[in-house]
Every structure is written in C-alpha cells, then in structure tokens.
Amino acid sequence: MNIQDVFNNESLYSKKEFKLFVLEGDKYNYDEDAAKEMFKYIGIKNNKIVTLCNKCNKEFPFDIDKRLIGFFDDMNHTTSYMSVTRNFSNAPGGRIDIKNGHIWGGMPPYPKAFLNEYGKWYIEYQLTCTNDSSHRYFMVISIEQRLGTFIVKKIGQDPSMLSVHDFDFEKYKEQLTKINAYEDYKKADLSNAEHFYVGAYAYLRRIFEKMLNNYIKENNITLKDDHVETKIKAVKDCFDSRIKDLLKNLYSILSKSIHELNEEQSKEYYQYLKAIIDIQLEFEYTENEKNKQSKQLNSILNKIVNEIK
Ligand SMILES: [Zn+2]
C-alpha cells in the first residue's frame, strides 16, 4: 500500500498498524523494514499521486504538497525526525529519520522504560491537479505511537471519497432513477465509507430487489409466488449474460451473512457485490446508448432514402 491507495481507497478512520519496535526479553528491538513500510504508506518520498479529478472528470496526476506537524527538524532543515524515546542521561533520545528510517541519537535496543508510551504526529497533504492548478484536494493523516506500535489513520479528506467518485453516480443516474434507486446507490457507498456495513449491504440488496421488480413489471411476468429466488429465475435473462448465474449467490450473501462477517471481510466483499450491481448498470447504460444511436441512425437513413428517391 502506498499514499495513492491511501487517498483513493482508504476510508476515514480506518487504521493501519506498523510494529516498529518489538519487545524481545526486556528490550525493544527496532524493525527498520516496518518503518520503511510505514513511510512508504504515508508517502514521505512521493510528490505525486494519480486520482480521478472530479472537476476534469478524468484521472490525472496530482502534485503533493506536505506539511508535517509534530516532527522535529534538524538544524539545516534537510530532514525531519520522529522522537520515539525519552532522553538518556548522557545522550539525546532516539529519533527516526523519516527520509530513510535510520535512527539517530540513543540507539536501540531500548529498555522498556525509555520508549515513549504515547506520541502523535500529523501530516497534511495538499493535492493539486496537474491539468488545472485550481483543482485542489486535501487530506490529513495522523500517526500515533503506542509504545512499539504506530497507528496510521486517515482523519480528514476534502472533497470526500464520495464526491471524488461522484462521477460514477452521475453515469448511472438515469438507470437508477428509473427504478427509484439513485439514493440507495449513493447511500450504499456512503454507509460503506463510514464502516456501516449492515447498512451498505441493505442498500445494495434494495437496489437489487428494485432491479428484479422492474424487469418483472416491464415484461408483464406473472409469478407463482413472491420469493426472491422465483423472481431471479423469471428475469435472469434481463441481466448481462456474464453475471446472470451469480445472482442467486449475490442475493444470499446480501441478505444473510452480513452479521457473520468481520469488519475486514465486510469491507472486502462489499466491492465484489457492488461490482456485480455495477456490471448490470453498465450493461443497461450501454444498451440505452445503443438504442439512442440506432434510433438516430434510423431517422438519418430514412432521410437519405427520401433524398435519393
Ligand atoms: Zn482537474
């Protein structure tokens, strides 16, 4: 994971832990690789990410401008450090160089009592679209030290992930509005972004049920009972052929197992379930576009035929 994933995919307040110091016996050993991984995650060396610009409606590289808060600079301001221990009697405390993960000052392994129990740092990222410098994004993360463990959280983002991806909502608006599911579609993603998975799954289920009911109505189908399984069987062929055999499983996951899933699973599975809904929306969207085009072509051809008569 790197800073681009953090911006594009991490939801607010989700935690990522890095174990920089590991207790062995009564001393803390330093894991420089874990530190490097953490600095990669927070993009210390990155000055660009690629993301969807919601004003250009297209992906562009964004320049990153960082502001470090709570760090300690050396005299020449060539690098910044995180102080992680108290001062030793005859030497300054240990501090991590964020440029390369090296430690300066008091050297590890550290006796238990010397490692700081708690510390907190913040980084602000100002992101500027390289296609138009008036398009700006903003993100803030915090790094919290709890003895050897460092917890990184995205604590702020503007515009929200939701409006960064707003483009997708707009794309399927016509299809969703037709079945009265546009709000459900937005709320599914909003709930997911806020870790309210029961809600997110319920909204997806509602969209799916509305899709089924709409196809039943459009095709004047009479059902022998009201079970969802019966409905799926009846309108299966209205779905994109690549997903029509997945529908039964989609519904059973959406309706049953959410309470049995842990947070990580809920988060991961949500993307797959939503992808199935999106494939169908994309299918309807393209069908719709093709219908419009062929109608246009039809009237153009009629006109030409009339002209050459
Ligand atoms: Zn832009």
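Me: Let me begin with a definition: a residue is buried if 20 or more other C-beta atoms, placed from the backbone, lie within 10 Å of its own, exposed if 12 or fewer, and partly exposed in between. Is Asn 220 buried or exposed, and how many other C-beta atoms lie within 10 Å?
Reply: Asn 220 is exposed, because 6 other C-beta atoms lie within 10 Å. Keep in mind that this is a predicted model: local features need pLDDT of at least 70, side-chain atom pairs need 80 or more, and totals for chains, interfaces and linings use all residues. Residue numbers start from 1 along each chain as its sequence is written.

Me: Where does Asn 220 lie?
Reply: Elements come first. Helices (H or I, at least four residues) and strands (E, at least two) are DSSP runs, numbered from the N terminus. Asn 220 sits in the loop between helix H7 and helix H8, residues 228-235. The phi of Asn 220 is near 50 degrees, a positive value for a residue other than glycine.

Me: Which value does phi of Leu 147 take?
Reply: Leu 147 also has a positive phi, near 50 degrees, and is not glycine. Leu 147 has 17 other C-beta atoms within 10 Å, so it counts as partly exposed.

Me: What is the angle between H7 and H8, and how far apart are their axes?
Reply: Two packed helices are described by the angle between their axes and the distance between the axes. Axes are lines fitted to C-alpha atoms, for helices over the stretch in contact, with angles from 0 to 180 degrees between N-to-C directions. H7 and H8 pack at about 55 degrees, with axes 10 Å apart. H7 and H8 are therefore oblique. The cut-offs: under 35 degrees is roughly parallel, over 145 roughly antiparallel, 65 to 115 roughly perpendicular, and the rest oblique.

Me: Which residues in H7 meet H8?
Reply: Contact means C-beta atoms, placed from the backbone, within 7 Å. Leu 212, Tyr 215 and Ile 216 in H7 meet Lys 231, Ile 232, Ala 234 and Val 235 in H8. By class, this contact has 6 nonpolar, no polar and 1 charged residues. Nonpolar covers Ala, Val, Leu, Ile, Met, Phe, Trp, Tyr, Cys and Pro; charged covers Asp, Glu, Lys and Arg; the others, Gly among them, are polar.

Me: At what angle do H7 and H9 pack?
Reply: About 140 degrees, with the axes of H7 and H9 9 Å apart. H7 and H9 are therefore oblique to each other. H7 passes H9 in a left-handed crossing. Left-handed means that the near helix is turned anticlockwise from the far one by less than a right angle; clockwise is right-handed. From H7, Tyr 201, Leu 204, Arg 205 and Phe 208 meet Leu 250, Tyr 251, Leu 254 and Ser 255 of H9. The contact of H7 with H9 divides into 6 nonpolar, 1 polar and 1 charged.

Me: How do I read H9 against H10: at what angle do the axes cross?
Reply: The axes of H9 (residues 247-255) and H10 (residues 263-308) cross at roughly 135 degrees and come within 11 Å. That makes H9 oblique to H10. The H9 and H10 crossing is left-handed. Leu 250, Ile 253 and Leu 254 of H9 make the contact with Tyr 269, Leu 273 and Ile 276 of H10. The classes are 6 nonpolar, no polar and no charged residues.

Me: Which peptide bond to Pro 159 is cis?
Reply: The one from Asp 158, with omega near 0 degrees. Pro 159 lies in the loop between E13 (149-158) and helix H3 (161-164). The bond from Pro 108 to Pro 109 is cis too, with omega near 0 degrees. Pro 109 is in the loop between E9 and strand E10 (110-111).

Me: Where is His 102 placed?
Reply: His 102 is in the loop between strand E8 (95-97) and strand E9 (103-104). His 102 is partly exposed, because it has 14 C-beta neighbours inside 10 Å. The C-alpha atoms of His 102 and Tyr 30 are 9.8 Å apart, although 72 residues separate them along the chain.

Terms used: Two residues are in contact if their C-beta atoms, placed from the backbone, lie within 7 Å.
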